[in-house]
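Open your viewer and get ready to click along. We will go from stop to stop, selecting a few residues each time.

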Amino acid sequence: MKEFRCGEIVPGCDTKIEGRTEDEILEDVAVHAREAHGMDEVPPEVEERIRDAIVEV
Ligand SMILES: [Zn+2]
């Protein structure tokens with residue numbers, strides 16, 4: 001499994017998103033970003049940082 005902690009990008013957010021692949025996580029991150037952070041879309045440079053922050057667990 002892979003894991004992404006939103007706090008790596010958004011300080012103070014303790015949401016943890018798990019998935020089998022980076023793309024699966026990015027889909028869930030897009031939903032979380034919209035619902036929790038009011039981001040209509042994840043810009044490419046943020047997606048890059050998210051991919052860097054995804055770790056194998
Ligand atoms: Zn968050």
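Is H32 buried or exposed? H32 counts as buried because its relative accessibility is 14%, where buried means under 20% relative accessible area, exposed over 50% and partly exposed in between (1.4 Å probe, protein chains only).

Before moving on, note that this is a predicted model, in which local features need pLDDT of at least 70 and side-chain atom pairs count only at pLDDT 80 or more, while totals for chains, interfaces and linings use all residues. Residues are numbered from 1 along each chain as its sequence is written, and side-chain values use heavy atoms, with hydrogens and water left out.

**Stop 1: the zinc ion.** Select the zinc ion together with C6, C13, H32 and H37: they coordinate it through SG, SG, NE2 and NE2, respectively, at 2.0 to 2.3 Å. Donors here are N, O and S atoms within 2.8 Å of the metal (3.2 Å for Na, K and Ca); water is not among the atoms, so sites may look incomplete. Along the sequence, the donor residues follow the spacing C-x6-C-x18-H-x4-H.

Now pick out C6 and H32. C6 sits in the loop between β1 (2-5) and β2 (16-19), whereas H32 belongs to helix α1 (residues 22-37), so this pair, 26 residues apart, links distant parts of the chain. Helices (H or I, at least four residues) and strands (E, at least two) are DSSP runs, numbered from the N terminus. C6 is buried too, with a relative accessible area of 5%.

**Stop 2: F4.** Select F4 and look around: leaving aside neighbours within four places in sequence, its contacts (heavy atoms within 4.5 Å) include I9, I25, V29 and I50.
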